[in-house]
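This report describes the overall form of one protein model and then a few of its residues. Please examine the sequence and the coordinates shown here before reading on.

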Amino acid sequence: MLFELIAAVVAGVALAGLAMLLRWLSRGRLPKWIIPAMAGVGMLSYSIWSEYSWFDRMNIALPGIAVSWKNEQTAFWRPWSYIEPVTTRFTAVDLKGAKRHPAQPGLVMVDILLAARWQPVKPVKVVYDCQNARRADLIDSSMNIADDGSLVGAEWIKVEPDDAALKIACSSG
């Protein structure tokens, strides 16, 4: 967030400098208020660009993922978001880390990545049962993976068969 603030200030200073150059080239015919106005336009433009490009930049920064859900928001302090909502967080399935056990071909273990703006990406290990449309979050220490690949002590959560993360995980590898 600090780097975005610095970048916004730099964009403002750059456009203010351009306005000063235009005033000098016009021999003062342009009004003085154009300098702070251009600084404001530069800072606002950078902020809007940064908000809208965050999701795409994160997808590039995290290769081998498939987005399963994204949250798009509108807010009154961002009036432009009513035209096009801003993506503020998303979940993705890490396809390159998908694991299957030969004895349990219907189960797949993946990392679900929880990403939010100005937050570090948090991975959560999840096992999907592709045939029964359910998942088990591997966050409980009492759960074990047996030698045959089955989960012992797992708390299975029923998911809809058309759940995006289930479809992505089950189609991997």
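Accessible areas come from the Shrake-Rupley method with a 1.4 Å probe, and for residues only the protein chains shown count as cover. On this basis the protein exposes about 10900 Å², of which carbon and sulfur atoms supply 64%. The model is predicted, so local features need pLDDT of at least 70 and side-chain atom pairs count only at pLDDT 80 or more, whereas totals for chains, interfaces and linings use all residues. Residues are numbered from 1 along each chain as its sequence is written, and side-chain values use heavy atoms, with hydrogens and water left out.

**Overall form**

The protein contains 3 helices and 8 strands; helices (H or I, at least four residues) and strands (E, at least two) are DSSP runs numbered from the N terminus. Their order along the sequence is α-α-β-β-β-β-β-β-β-β-α. The radius of gyration is 24 Å, while a compact globule of 173 residues would have a value near 16 Å; the quantity is taken over C-alpha atoms, and the globule rule is 2.2 Å times the number of residues to the power 0.38. Along the principal axes, the C-alpha atoms fill a box of roughly 80 × 25 × 25 Å.

Of the 173 residues, 34% are buried, where buried means under 20% relative accessible area, exposed over 50%, and partly exposed in between (1.4 Å probe, protein chains only). Among contacts (heavy atoms within 4.5 Å) with a separation of 6 or more, 47% involve residues 24 or more positions apart.

The protein carries 18 positive and 16 negative side chains, and the centres of the two sets lie 16 Å apart. Lys and Arg count as positive and Asp and Glu as negative, with His and the chain ends not counted; each charge is placed at NZ of Lys, CZ of Arg, CG of Asp or CD of Glu.

**Acidic residues and their polar contacts**

A polar contact is a pair of N or O atoms within 3.5 Å; within protein, one must be able to donate a hydrogen and the other to accept it, and residues adjacent in sequence count only if both atoms are side-chain atoms.

| Acidic residue | Partner | Distance |
| Glu51 | Arg78 | 3.3 Å |
| Glu4 | Ser50 | 3.0 Å |
| Asp129 | Asn132 | 2.8 Å |

Glu51 belongs to helix H2 (residues 34–61) and counts as buried because its relative accessibility is 13%. Leaving aside residues up to four places away in sequence, Glu51 touches Arg78, Trp80, Val86, Thr87 and Arg117.

Asp129 is part of strand E4 (residues 122–129) and is buried, with a relative accessible area of 4%. Beyond four places in sequence, Asp129 touches Gly106, Leu107, Arg134, Trp156 and Leu166. The C-alpha atoms of Asp129 and Ile60, 69 residues apart along the chain, are separated by 29 Å.

**Positive phi values**

Most residues other than glycine have a negative phi. Trp118, in the loop between strand E3 (104–116) and E4, has a positive phi near 65°. Because its relative accessibility is 48%, Trp118 counts as partly exposed. Ala133 occupies the loop between E4 and strand E5 (134–137), and its phi is also positive, near 50°. Ala133 counts as buried, at 9% relative accessibility.
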